[in-house]
Amino acid sequence: MKFKKALLTSLLVCMLPAAVMAKDLQVGVSMALFDDNFLTILRTAMQKEMTKDNIKGQVEDAKGDVAQQLQQVQNFIGQGVDAIIVNPVDTNAVKPLVDAAAKAGVPLVFVNRKPAGELKDKMAFVGSDSELAGRLQMEALAKKMNGKGNVAILLGDLANESTRERTKGVEAVVAKYPGIKVVQKQTAKFTRNDAVDVVSNWLTAGDDIQAIASNNDEMAIGALQALGKNPNHILVAGVDGTPDALQMIKNDKMVATVFQDAKGQGEGAVQTAVKLINGEKVQKVVDIPFQLITKDNYEKFASQNQK
């Protein structure tokens, strides 16, 4: 009994410094925008991980404004945070963020949206291979299309790396099928409402479309809303694996989506930030794998990506 008590006391003493250190940590988080289903799930995952690790987190909404995001990062630095996590508004406009963090010596972790350019010391990206998402999505559509037909692509925000890479993946698969042709490409800015308008315009114009590859689930759902009862049986696929998309797959309205692990990205971003604070070595790119979701396996993902 005395040995057990002594062992327990020793363990508590060993754990105490780490716990005290963790309680003192402060991390600033700048999200591209709060008003997005997937990014809300990601933000919640980060907040839960910070709470679990006794980290004081300050989470700000950049509201899609590059200048506002830079101001938030500068404010975090001024407040003396131990690390900064950024979900970038524009993946091509991160240099001022990188330079500010590097000059201040503050660890910087980009999450979900891969920044353009090379990251400096004490910096990392935690996310997924966007081109792979496009490939998985289009392979699922091509199979359902029996290798022939016209496909339209709903593009996300044109300033976003994932828009370019997911589209690149879709087009790479299309190139393998002589019978499949891309007949439309238009941005709907990752939003459901814009996708309704874009797809409605395609239908009004009489475009001959057999499938729609959407850069995310929100636009895929907007496409389905525009299609209504979908008498032409146009196939639709998305990316993210949101609860709404899974419901659409369950109801045979959506062919497929690609699971993007918001929890894995969120937890990974916080854990990577802590490692950088502690001076540990981390990979410049921490990959959280994509997985294809179809009617055959959607139930496996039902408990994932919850807000």
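## Second largest pocket

The lining of the second largest pocket comprises four nonpolar, three polar and six charged residues. The model is a predicted one. This pocket has a volume of about 250 Å³. It is lined by 13 residues, of which L33, D35, D36, K189 and T191 are the closest to its centre.

## Largest pocket

The largest pocket has a volume of about 520 Å³. Its lining consists of 22 residues, and those closest to the centre are K144, L235, D252, M254 and V255.

Four elements each supply at least two residues of this lining: helices α5 (130-144), α8 (217-227) and α9 (243-250), and strand β9 (235-237). The most comes from α5, which gives three residues. By class, the lining of the largest pocket has ten nonpolar, five polar and seven charged residues.

## Cavity

How many cavities of 30 Å³ or more does a search of the whole structure find? The search finds one. The space in the largest cavity is about 120 Å³.

The residues lining the largest cavity are D36, F38, L39, N112, R113, N160, S162, R166, F190, N216, D240 and Q260.

## Packing of α2 and α10

Two packed helices are described by the angle between their axes and by the distance between the axes. For helix α2 (residues 37-52) and helix α10 (residues 262-277), the angle is about 45° and the axes are 8 Å apart. The two helices are therefore oblique to each other, and their crossing is right-handed.

On the α2 side, the contact is made by F38, I41, L42, A45, M46, E49 and M50. On the α10 side, A262, K263, Q265, G266, E267, A269, V270 and Q271 meet them. Taken by class, the residues of this contact are nine nonpolar, three polar and three charged.

Technical notes. Residues are numbered from 1 along each chain as its sequence is written. This is a predicted model: local features need pLDDT of at least 70, side-chain atom pairs count only at pLDDT 80 or more; totals for chains, interfaces and linings use all residues. Side-chain values use heavy atoms; hydrogens and water are left out. Axes are lines fitted to C-alpha atoms, for helices over the stretch in contact, and angles run from 0 to 180 degrees between N-to-C directions. Angles under 35 degrees count as roughly parallel, over 145 as roughly antiparallel, 65 to 115 as roughly perpendicular and the rest as oblique. A crossing is left-handed if the near helix is turned anticlockwise from the far one by less than a right angle, and right-handed if clockwise. Contact means heavy atoms within 4.5 Å. Ala, Val, Leu, Ile, Met, Phe, Trp, Tyr, Cys and Pro count as nonpolar, Asp, Glu, Lys and Arg as charged, and the others, Gly among them, as polar. On a 1 Å grid over the protein atoms alone, a cavity is a set of points where a 1.4 Å probe fits but cannot get out, and a pocket is an open set with protein on both sides within 12 Å along at least five of seven lines; lining residues have an atom within 4 Å of a point. Grid points are joined across faces, edges and corners, and a volume is the space filled by probe spheres set on the points.
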